[in-house]
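Have the viewer open as you read.

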Amino acid sequence: MRDSLEDQARRYATQAHAAAGQRRKYTDEPYIVHPAAVAELVRSVTDDEAMLAAAWLHDTIEDTPSTLQDIESHFGPRVAELVDMLTDSAQPQAKNRAARKLAHFRHTAQASPEAQTIKLADIIDNTRAIVQFDADFARVYLVEKQVQIQLLNEGDKRLWQQADNIIRQGIAQLAQPPHSVPESWFVKQAAKYGGLS
């Protein structure tokens with residue numbers, strides 16, 4: 001019996017990230033723990049096989065030598081389209097992080113509801129790790145994600161609520177000692193993304 005589309009995607013992503021020598025930034029775990037967590041979050045709201053496959057594969061084009069053509073030839077056009085919508089395209093003209101992120105936010109805002117659902121799962125899992133291990137970067141990251149999820153209103157409502165809650169909790173945590181980041185800092189940071197949120 002042939003493996004399911006999701007099993008094939010899991011195996012492909014596991015091999016691709018391992019071959020690229022990729023590890024999780026803060027824990028040094030094999031990178032595949034992140035796509036696995038994203039796939040589980042997606043599974044909590046749907047059993048759509050193409051979405052689950054795309055959840056496993058969502059970082060392969062950005063982080064490994066795999067191309068969109070590779071994904072399409074292995075997994076078909078629907079999975080490839082979802083992965084493409086989730087891939088951060090290179091922005092050589094972007095002068096700074098805010099400009100690069102804005103371009104990416106606009107890209108995911110135009111994604112299908114299915115791709116937005118996977119993106120919300122990605123944000124939830126990444127936010128957990130960043131708030132836990134890197135409070136300094138979390139200040140910037142949480143504001144960016146707060147802006148981004150406002151544009152992901154076509155995604156699954158339950159995952160949207162979960163993403164919103166985890167971002168709010170992270171900001172509240174950073175406002176407390178020992179970090180004590182003032183609310184005005186977050187407001188000023190959000191202003192860099194003017195008019196988008």
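Which helix gives the largest share of the lining of the largest pocket? Helix 8 does, with 9 residues. Before going further, note that this is a predicted model, in which local features need pLDDT of at least 70, side-chain atom pairs count only at pLDDT 80 or more, and totals for chains, interfaces and linings use all residues. Residues are numbered from 1 along each chain as its sequence is written, and side-chain values use heavy atoms, with hydrogens and water left out.

The largest pocket holds about 800 Å³ of space. Among its 34 lining residues, R24, Y31, H34, N126 and I130 are the closest to its centre. A pocket here is an open set of points on a 1 Å grid over the protein atoms alone where a 1.4 Å probe fits, with protein on both sides within 12 Å along at least five of seven lines; lining residues have an atom within 4 Å of a point. The volume is the space filled by probe spheres set on the points, which are joined across faces, edges and corners. By type, the lining divides into 11 nonpolar, 7 polar and 16 charged residues; Ala, Val, Leu, Ile, Met, Phe, Trp, Tyr, Cys and Pro count as nonpolar, Asp, Glu, Lys and Arg as charged, and the others, Gly among them, as polar.

Helix 8 (residues 113–133) also contains D122; helices are DSSP runs of H or I with at least four residues, numbered from the N terminus. D122 has a relative accessible area of 5%, so this residue is buried (under 20%, with exposed over 50% and partly exposed in between, for a 1.4 Å probe and protein chains only). Beyond residues up to four places away in sequence, D122 touches H34, V38 and H58, where contact means heavy atoms within 4.5 Å.

Now turn to the packing. The largest nonpolar core has 51 residues, and V42, L57, I71, V79, I118 and I149 have the most contacts inside it. Such a core is a set of buried Ala, Val, Leu, Ile, Met, Phe, Trp, Tyr and Cys residues joined through side-chain atoms within 4.5 Å. A second, separate core of 6 residues includes A98, L102, V147 and L151.

Finally, look at the backbone. In the loop between helix 10 and helix 11 (183–191) you will find P178, joined to P177 by a cis peptide bond with omega of about 5°.

Key:
Helices (H or I, at least four residues) and strands (E, at least two) are DSSP runs, numbered from the N terminus.
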